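I opened this model to look up how its parts meet. These are my entries, in the order I made them.

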Amino acid sequence: MVKPKRLLRLLLRIIVLGSTLAAVIIMATSHEKGTFFALSYEAKYSDTPAFKFFVIANAIVTVYGFLVLFIPSESQLWGLVLALDLVFTMLLISSISAALAVAQVGKKGNSSAGWLPVCGQVTKYCNQVTRALVAGFIAIITYIILLLYSIYTFLNPLLGKNG
């Protein structure tokens, strides 16, 4: 029978795996053609380095999350997993921060720099980017909960406390 602690950790890891995978798929498939006056253009995630970073970071965390599912619960690797969880949490936070900054400029523009908002012309693309960012936020929040829970379960025996 699976212990409740293991079940919670497994559930959190599956949520992270699903949300990072969803973020990758949604962002990687985001594209739309638009026109501005007589100018035709295509908006796609690969045109923006911050969006590429977001996709790559989430893809790396997805692969890592999948591999961690196969580590036995009695393995000595869980100390390393705890450290890697921290590293990948920081990677996700930095990637979503960069993507969110670019998305904000795409939505609102920047009058000081002379950048016009583009979401009025490519609403489908912007909506898809928003969905990818929401999936990324779900992954980050879940990863932080997982990280705090892992730290607690890792330190609890070291502090001599039961339970």
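**Entry 1: glutamate 74.** I began with glutamate 74, which counts as exposed at 57% relative accessibility. For this reading, buried means under 20% relative accessible area, exposed means over 50%, and partly exposed lies in between, with a 1.4 Å probe and protein chains only. I note that this is a predicted model, where local features need pLDDT of at least 70 and side-chain atom pairs count only at pLDDT 80 or more, while totals for chains, interfaces and linings use all residues. Residues are numbered from 1 along each chain as its sequence is written, and side-chain values use heavy atoms, with hydrogens and water left out.

**Entry 2: salt bridges.** How many salt bridges does the structure hold? I found 2. A salt bridge here is a side-chain nitrogen of Lys or Arg within 4 Å of a carboxyl oxygen of Asp or Glu.

One joins the side chains of arginine 6 and glutamate 74, at 3.3 Å from N to O. Arginine 6 sits in helix 1 and glutamate 74 in the loop between helix 2 and helix 3 (78–108), so I was looking at distant parts of the chain, 68 residues apart. Arginine 6 counts as partly exposed, at 29% relative accessibility. Helices (H or I, at least four residues) and strands (E, at least two) are DSSP runs, numbered from the N terminus.

I then looked up aspartate 85, which forms a salt bridge with arginine 13, the closest N and O atoms being 2.6 Å apart. Aspartate 85 is in helix 3 and arginine 13 in helix 1, so this pair ties together parts 72 residues apart in sequence. Is aspartate 85 buried or exposed? Aspartate 85 is buried, with a relative accessible area of 0%. Arginine 13 also counts as buried, at 5% relative accessibility.

**Entry 3: serine 150.** I went on to serine 150, which has its place in helix 4 (residues 123–158). Serine 150 touches Arg13, Leu82 and Asp85, leaving out residues up to four places away in sequence. Contact means heavy atoms within 4.5 Å. Serine 150 is buried, with a relative accessible area of 10%.

**Entry 4: helix 1 and helix 3.** The axes of these two helices come within 14 Å and cross at roughly 35 degrees. Axes are lines fitted to C-alpha atoms, for helices over the stretch in contact, and angles run from 0 to 180 degrees between N-to-C directions. The crossing of helix 1 past helix 3 is left-handed, a term for a near helix turned anticlockwise from the far one by less than a right angle. Arg9, Arg13 and Thr20 of helix 1 make the contact with Trp78, Val81, Asp85 and Leu92 of helix 3. By class I read 3 nonpolar, 1 polar and 3 charged residues. Ala, Val, Leu, Ile, Met, Phe, Trp, Tyr, Cys and Pro count as nonpolar, Asp, Glu, Lys and Arg as charged, and the others, Gly among them, as polar.

**Entry 5: helix 1 and helix 2.** Here the axes of helix 1 (residues 4–28) and helix 2 (residues 49–68) come within 8 Å and cross at roughly 150 degrees. Helix 1 passes helix 2 in a left-handed crossing. On the helix 1 side the contact includes Leu17, Val24 and Met27, and on the helix 2 side Phe51, Val55 and Thr62 are among the residues met. The contact residues divide into 13 nonpolar, 4 polar and 1 charged.

I picked out valine 24, found in helix 1. What does valine 24 touch, not counting residues up to four places away in sequence? I listed Val55, Asn58, Ala59 and Thr62. Valine 24 is buried, with a relative accessible area of 15%. From valine 24 to threonine 62 is 8.7 Å, C-alpha to C-alpha, for 38 residues in sequence.

Entry 6: Serine 19 is in helix 1 and is buried, with a relative accessible area of 7%. Serine 19 touches Ala135, Ile138 and Ala139, not counting residues up to four places away in sequence.

Tyrosine 45 lies in the loop between strand 2 (39–44) and helix 2. Leaving aside neighbours within four places in sequence, its contacts include Met27, Ala28, Val55 and Tyr125.
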